[in-house]
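Please read this briefing alongside the sequence and the coordinates. It goes from the contact between two chains to a single residue, and then to the organisation of one chain.

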Amino acid sequence: MLASPIFYRFFSSLFQDNRIRTSKYNIFTFLPINLFEQFQRVANAYFLFLLILQLIPQISSLSWFTTIVPLVLVLTITAVKDATDDYVGNVLCSRLQNEKWMNVRVGDIIKLENNQFVAADLLLLSSSEPYGLCYVETAELDGETNLKVRQALTVTSELGMDMSKLADFDGEVVCEPPNNKLDRFVGTLYWKDSRYPLDNEKLLLRGCVLRNTEWCFGMVIFAGPQTKLMQNCGRTAFKRTSIERLMNTLVLWIFGFLLCMGIILAIGNSIWEEKVGKNFRDYLVWEDVLSNSVFSGFLTFWSYIIILNTVVPISLYVSVEVIRLGHSYFINWDRKMYYGQRDMPAEARTTTLNEELGQVEYIFSDKTGTLTQNIMVFNKCSINGKTYGDVYDEFGHKVEISEKTPCVDFSFNPLRDKKFHFYDHSLVEAIKLGDPMVEEFFRLLALCHTVMSEEKNEGELVYQAQSPDEGALVTAARNFGFVFRARTPETITLYEMGKHVTYQLLAILDFNNVRKRMSVIVRNPVGQIKLYSKGADTILFDRLDPTNDDLMYTTSEHLNEFAGEGLRTLALAYKDLDEEYFADWMKRLHIASTTLENREELLASLYEEIEQDMMLLGATAIEDKLQEGVAETIACLTLSSIKIWVLTGDKLETAMNIGYSCNMLRDDMNEVFIITAILRVQTLRWPQERSCIKKVYLDVYIKFTRPLTSIQKLKTNDSVFEETITSEYALIINGHSLAHALEADLECLLLDTACLCKTVVCCRVTPLQKAQVVELVKKYKRAVTLAIGDGANDVSMIKTAHIGVGISGQEGMQAVLASDYSFAQFRYLQRLLLVHGRWSYYRMCRFLCYFFYKNFAFTLVHFWFGFFCGFSAQTVYDQWFITLFNIVYTSLPVLAMGLFDQDVNEQNSLRQPKLYEPGQLNLLFNKRQFFMCTLQGIYTSCVLFFIPYGAFSNTVRDDGSHIADQQSFAVTIATSLIIVVSVQIGLDTNYWTAVNHFYIWGSLTVYFSILFAMHSDGIFRIFPSHFPFIGTARNSLTQTSVWLVILLTAVICVMPVVAIRFLRTDLYPTLSDKVRYNGRKQRPQEQNLKRVRRTSSRRSAYAFSHQEGYGELITSGKNMKAARLFPAPPTGRIPGSSSWIESLLKKRTEMASGAAVGPLNGSAERSKSENTPVQQQHID
Amino acid sequence: MGKKVAGSGPCSRIPDNSAFKQQRLPAWSPSLTAETVLPFFYIIGLVCVLLGVALFLTVQKIQEIQVDYTTSGTCDACFEMRSNKMSASVKCRCSVDFSLKENFQEDVFLYYGLVNFHQNLRRYMDSRDDGQLVGRTTNLKNPSTYCEPFAYNNGTPIAPCGAIANSMFNDSFTLKYLPPTGGVVIVPFYRTGIAWYTDKNVKFRNPQIENELLPQVFQGTAQPFYWQKPVYELDPSDPNNNGFINEDFIVWMREAAFPSFKKLYGILNRQSKAIFEHGLPAGNYSVTISYNFPAQYFQGKKLVVLSTVSWFGGKNIFLPIAYIVTGGVILVVAVVLTVVYIKIGKKGLNMEE
């Protein structure tokens, strides 16, 4: 690492270093900052306010400790949790951050080596490759799997790796301020009195991986949080669950309710003082401050606010957090979400969102690396009308390939790739028998590609493919004995079945998205000129020689079969070329490529001309390997009414292909709408195109709504209804169209359309658009969204969605760092949602219901008592009981329920995906449920008060002494309350583990122990004024009548609940009731979620992650390291090749800007960025 | 990242396979099935009804008579006199006659009752110093601020301080039996043993200063404003029943939960006279009241209550009736549940998944 000392001296403070700080506290700042933060929470501030109120003697209806003890406890628990979170987060971050790059600063020049992550946004200065080229993989950034090329300025690439020159480099870069546009960069380099324009093509962005390039030097332009990647991550919005929002609303309601009660009681107090209290003033003299009854009412209001504050439960928030923490640990501990191959357990990185996992309605999934492994495997092929790749047993039945299936032994081939597996032995036999078509097939695969080979040691071939598909094909050919060994701009050397054969490369007819094919023209050692072509079947089949019809028919059948299995197919064909014709064609090509106008079109027509009347060889089928269990997971999640949208930066074809192989797109769907607009932003025609797109949307929308409106008319006709519901549509939309659709007037239409579709696939979308789609659903659907992805391009979506899930274990950690949950395999999502999420939601809801119930039952007794004690704010209970009720007596059983309860076990949760639906519909805890449980609380408080009231009005002890005193009354009610709420938690607990037993019985025991301890002689003798209840427990709880009162109270409180629940289960059972019922009846129902193979399809499964431009790169020889060995790169073989890099880069720019500059972030922001002041960065 | 060997080795991050961490703790999952709920309802219903009936019969056996003496008998004069604050210290005695229709068997308890007297007001209840009452000498002379404005009388600390003590009920009763044969028999009552043991022995203690008698100990304190005699002279007949441990005082200091209450005054002494050996015989009685406690201020009533007790306590008709009603309702609900269960639940009609 080379640093410029002068730079440091003056400017180091101006720029960020490369560290990304996450830690909030250190040892000294922890207490003040944490306390400050905690008191910013409304609840805590409220309790602080109460505490202050209690210090006013005229108001204080409770001792100070009743509030301070719980408050301190709550603050302590929260502080401990915050500290651990901060510490753990810190440790994690430092583990993930690369120590080496931490101190990199803007202006530093750093060296990167092959396969290294780019650590900051760099200006490429020089590289090991000729012309200052270097290759990067941007999968982390945009999800595209092919390699991208970057080129340094010629002046800087001359610096090479000369350290002294590099150290003396004193260019000055003036560039735009840090922004989040991944595909745009504007800047100027001032160096040696010249100006050099800089653009995106000279920039290596943080998050890319250097490939096929031994080393490169770059100067840091942006570091740390200023890098484009981090800028793209968006602000980490504080995520709140819907339950929490509801909870906050409810707390406000309760607060309002509290004020109402306070006002009622205050008015009551004023009236009472006026009517009754004045007669009593001889016994209870008014103090000076109590000048009149209205003022007394006012003071009473505050006193009652203090007393009744327990309806707003202080321990609610902390209990909720504890429960969530517990649920998070259960996720971390789940062995079924642990991925052994990478030693990667699941991780809940946020502990505040668990219950939301049980309410997810929309999943937005990335494709590459999330659904797929990003590994392409040569799986099957069809050669000359015969398929290879399936394994049959001796009875001719197809065998599912598993790990035990014996592989083909390629040991005859010294140059084989040992990682390649193939199971069908017949293909090797065909090769060994020397079937000419099979040989030609593999020869084509070995010749027709743009792969570069590297042979560090003899026989150790490394292929560098710009797309994984090509890599897979060439590797297959290599193992079957057609080893692509080396290439020069003019030749390709194969090692064909043990012999070196060198082909002369005459032309590469490059791939592009319109042609959907690529061809090479070679001259073999015998002197024949051959054209080898591979491409989409639909394209290639149109260009075949008519004699191929039969073969085409069979191959087409095979292709359908392959497509049905979700394989990516390519058709292969060849053509023998006539020497004369070729010479003529070559000449015309030469002319065409030198013309300035319409060059592209001329070339295309020439290509078209020669790629005719080809002979079909067969077809390849590549498996874009899905991650394990993806299809099953998707099927299961779909059954639980979760809608899955795939958002990918990849191409339409590959996205659709994956859609089919994951069973999200099926042939039996009524219609698959594909909306792909191709836009050129440079032209100003976009308003027209927009209206065009709008029309497309409307068309699609009308198609849906027509049957829907007709059912509204024909409501009686059930069959029609059924049909429309079951009709399935899919929507596939690309980034350009999406950009328009996301505009204000269209977005609702898009959303409505999309939501009517069973499957939505968005392809070629930018990271920002991913986030916008998520935002759209969030905004209008009020549904819980989950985004899952693995790459840096998913970060914005992960951060936008309610829940972000990162697939960990791939090389990049950006997605994981931004995520709320992370695990190694997509299939764990099923378990995360259906088991953990569902339980979390269920538990949290039950917890909240019980919690509100409990507090209402506990507190409202004071309200009723108010009517009998002259509204004087006298508490019913012992002050210690008030202090301890929430935090000691009743906290643990409900916590245990909140942590361990299970209504149905995990097997059933997974077996019955429909069990997930109550969460999505928000059924278990909503305003109605809240109302019901507060009503139950009010009822309980009524019973708790009035039964003892009735019983105590004229009672004495069995020894005649009185027991109708306030203290005995308090103990009776408190004991009844504890017993009632314990019975209630017993009823609410569906899953009595030892812990539940321990806590419930333990709480009761603790209650009685503390009761007797606090009412004991000893403690009274020490603190007589704090424990005035001496002996009350002994004297009242030994009385049969008191126990009879408690029993009656408990019976009256509990029986209605039991009756209602029993009736509800019988009359309106929920699915979980049914599952429980049937589970008891031992009627296991197996549901078959097995992957359904697609039946025959007429659709092309062509998908190829390839990019235009590499053909030129090869024929020009500029990317050849071997160029040193072949010093004279042929000039003018394909005229115009001097401009190859420009055209390559131009094509990229078009694509990129087309993809990113949509109306939303395009024109508007473009003008903005012009106006923003340009940040100057001086580089020494 | 190097490839690690899958899930093995000491550094593996594989979670423990414990039942707790995997949420597989053995557990009991009860559910509200007909087999449990219906019998439960019938049993609880029956138990409630039976308990209610048993209690009802018990309560029926308890005899109780309440005599409102606020203005009845000859007490209206005293009532008037007490209305006037000027004559607060003038002694007034009056009597009320009543008759018992049947014998009051066994132990008979004499209570005084107050109606509409709020002992349960917050400031009233707070207005006491338990430190003083437990005999702490420091608190004796420095009563707690809670006692204000009944803490000091012109700078002299009040003992016992506070509103509760100040408003202590100070009527006294003499019950006379008027046998049909003529004459008057004074009914003897125990005036001690009426407070809780814990109150008498723990919560209320006289301050102890060595070699000092009670009056000396209380020297330097004032009696509460409304009291006619100091705390150490509350019971002239029993020197051990004076000071803070005077049982009438202790009983009064145990604040009633509701504005209408009765407090124990005395227990029939069945040993002293043969006629009362089995309780109070039916017949005419007269109660003579030393009428000190003013009732007109709080528009209340004063009662004398004679009652017997059972194992269940006093004559409280609410609880038995509540039990019977509750039990009845539960039985009705149980029948409804049974019908619903037989019609629907038993066949599992709604249980198709």
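## Briefing on the predicted model

In this predicted model, a salt bridge joins the side chains of Asp965(A) and Arg254(B), with an N to O distance of 2.6 Å. The count of salt bridges between chain B and chain A is 1, while the rule finds 25 residue pairs in polar contact across that interface, both residues of each pair being at pLDDT 80 or more.

**The interface of chain B and chain A**

- On the side of chain B that touches chain A, at least two residues each are supplied by β1 (27-28), α1 (34-61), β5 (109-115), α3 (122-126), α4 (130-133), α7 (197-203), β11 (261-268) and α10 (318-345) of chain B.
- The largest share of that side of chain B comes from α10(B), which gives 12 residues.
- Sorted by class, the residues of chain B that face chain A comprise 59 nonpolar, 22 polar and 21 charged ones.
- In terms of contacts, 102 residues of chain B meet 117 residues of chain A, and the two chains bury about 9400 Å² between them, with carbon and sulfur atoms accounting for 62% of this area.

- Ser167(B) lies in the loop that runs between α6 (163-166) and β8 (172-178) of chain B.
- Is Ser167(B) buried or exposed? Its relative accessibility is 1%, and because the cut-off for buried is under 20%, Ser167(B) counts as buried.
- When its neighbours within four places in sequence are left aside, Ser167(B) is in contact with Tyr283(A) of chain A and, in chain B, with Phe117(B), Tyr124(B), Trp252(B) and Phe293(B).
- The side chain of Ser167(B) also reaches the backbone oxygen of Ile164(B), at a distance of 3.1 Å.

**Chain A as a whole**

- Chain A has 1180 residues, of which 61% count as buried, and its secondary structure contains 42 helices and 34 strands.
- Taking the contacts in chain A between residues at least 6 apart in sequence, 77% join residues that are at least 24 apart.
- Chain A is divided into five parts, namely domain 1 (97-231), domain 2 (316-329 + 848-1050), domain 3 (354-371 + 625-824), domain 4 (377-623) and domain 5 (1071-1142).

**Domain 2 and domain 5 of chain A**

- Between domain 2 and domain 5 of chain A, 10 residues of domain 2 are in contact with 7 residues of domain 5.
- The area buried between domain 2 and domain 5 of chain A is about 800 Å², and carbon and sulfur atoms give 55% of it.
- On the side of domain 2 of chain A that touches domain 5 of chain A, the residues divide into 3 nonpolar, 4 polar and 3 charged.
- The count of salt bridges between these two domains of chain A is 0, although the rule finds 2 residue pairs in polar contact across their interface, again with both residues at pLDDT 80 or more.

**Helix α19 of chain A**

- Helix α19 of chain A spans residues 630-639, and its buried residues are Val630(A), Ala631(A), Thr633(A), Ile634(A), Cys636(A) and Leu637(A).
- As a general point, an α-helix has 3.6 residues a turn, so residues three or four places apart point the same way.
- The elements of chain A against which the buried residues of α19(A) pack are β12 (360-365), β25 (615-626), β26 (643-647), α20 (652-661), α28 (828-866) and α31 (906-911).
- Just after α19(A), Ser641(A) adopts a positive phi of about 60°.

Technical notes:
Residues are numbered from 1 along each chain as its sequence is written. Chains are lettered from A and ligands numbered from 1 in the order in which they are written. This is a predicted model: local features need pLDDT of at least 70, side-chain atom pairs count only at pLDDT 80 or more; totals for chains, interfaces and linings use all residues. Side-chain values use heavy atoms; hydrogens and water are left out. Domain bounds come from an automatic or database domain assignment. Contact means heavy atoms within 4.5 Å. Buried area is the accessible area (1.4 Å probe) that two parts lose on being put together, summed over both. A salt bridge is a side-chain nitrogen of Lys or Arg within 4 Å of a carboxyl oxygen of Asp or Glu. A polar contact is a pair of N or O atoms within 3.5 Å; within protein, one must be able to donate a hydrogen and the other to accept it, and residues adjacent in sequence count only if both atoms are side-chain atoms. Ala, Val, Leu, Ile, Met, Phe, Trp, Tyr, Cys and Pro count as nonpolar, Asp, Glu, Lys and Arg as charged, and the others, Gly among them, as polar. Helices (H or I, at least four residues) and strands (E, at least two) are DSSP runs, numbered from the N terminus. Buried means under 20% relative accessible area, exposed over 50%, partly exposed in between (1.4 Å probe, protein chains only).
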